[in-house]
Amino acid sequence: MMDMRRLGSLVGGSSSESSKLEAFEGAWRDVWTSQTDYLLSMIGYAVGLGNIWRFPYLTYKNGGGAFLVPYVAMLAFTGMPVFFLECSLGQFSSLGPVLVWKAVPILQGVGVTMVFVSAFVALYYNCIIGYILYYFIASFQYPLPWSGCFESWGADESCNNELKGILMTYFLI
């Protein structure tokens with residue numbers, strides 16, 4: 001593993017910035033215990049909720065097999081190289097997303113943007129998971145809270161309980 005002064009010079013810093021980097025980073029960073037550990041971490045990083053949940057829907061909505069051709073082309077020529085660049089820079093320098101981009105001064109904003117996008121996605125996915133947990137727990141009630149028309153929900157005369165009642169009777173028998 002490299003020492004921290006070498007890392008400070010890699011990211012374009014002077015010796016004073018190198019000492020700041022040492023103070024910021026503290027001691028050595030952890031390393032992967034095995035290649036399998038690294039591989040599983042990268043799969044977990046690359047495959048998220050959107051890949052499993054939304055991809056089939058987007059494929060169907062945008063033309064099925066015809067959508068897969070530009071998708072695979074963009075994945076091969078843009079997505080995978082950028083993913084490889086990000087992982088390579090992170091593994092080589094053992095720095096976080098903000099500090100690693102000091103190696104290329106014109107792209108220093110990329111690291112900050114990556115942090116903001118990650119924070120936004122974390123908030124977005126936590127909201128989705130919150131809704132999933134709420135409706136999962138609410139689905140254990142009988143009758144289901146959304147099975148009828150309730151005035152507290154603002155239901156009016158256009159709300160139809162008869163069809164829902166027939167469906168509930170059919171599926172519960």
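This is a short tour of a predicted model, stop by stop.

The model is predicted, so local features need pLDDT of at least 70 and side-chain atom pairs count only at pLDDT 80 or more, while totals for chains, interfaces and linings use all residues. Residues are numbered from 1 along each chain as its sequence is written, and side-chain values use heavy atoms, with hydrogens and water left out.

**Whole chain**

The protein has nine helices and zero strands; helices (H or I, at least four residues) and strands (E, at least two) are DSSP runs, numbered from the N terminus. Of its 173 residues, 13% are buried, where buried means under 20% relative accessible area, exposed over 50%, and partly exposed in between (1.4 Å probe, protein chains only). Contacts are heavy atoms within 4.5 Å; of those between residues at least 6 apart in sequence, 44% join residues at least 24 apart. The protein exposes about 13500 Å², and carbon and sulfur atoms supply 69% of that area. Accessible areas come from the Shrake-Rupley method with a 1.4 Å probe; for residues, only the protein chains shown count as cover.

**Colour by confidence**

Here pLDDT is the predictor's confidence in each residue, from 0 to 100. The average for the protein is 75, and 69% of the residues score at least 70. Select residues 1-11: pLDDT stays under 50 there, and the model has 28 contacts beyond four places in sequence for this stretch. Helix 1 (residues 4-10) has the lowest confidence, with a mean of 44, and helix 8 (residues 108-138) the highest, at 89.

**The nonpolar patch**

Select W53, I129, I132, L133, F136, I137 and F140, which make a nonpolar surface patch of about 750 Å². Patch residues have over 30% relative accessible area and no salt bridge; like charges are joined within 9 Å, nonpolar side chains (Val, Leu, Ile, Met, Phe, Trp, Tyr) within 5 Å. A salt bridge is a side-chain nitrogen of Lys or Arg within 4 Å of a carboxyl oxygen of Asp or Glu. Helix 8 gives the most to the patch, five residues. L133 lies in helix 8 and is partly exposed, at 48% relative accessible area.

**The end of helix 6**

Select S93, in helix 6. S93 is buried, with a relative accessible area of 5%. A polar atom of its side chain lies 2.8 Å from the backbone oxygen of L89.

Move on to S94, in the loop between helix 6 (65-93) and helix 7 (97-100). S94 is not a glycine, yet has a positive phi of about 55°. S94 is buried, with a relative accessible area of 19%.

Notes. A polar contact is a pair of N or O atoms within 3.5 Å; within protein, one must be able to donate a hydrogen and the other to accept it, and residues adjacent in sequence count only if both atoms are side-chain atoms.
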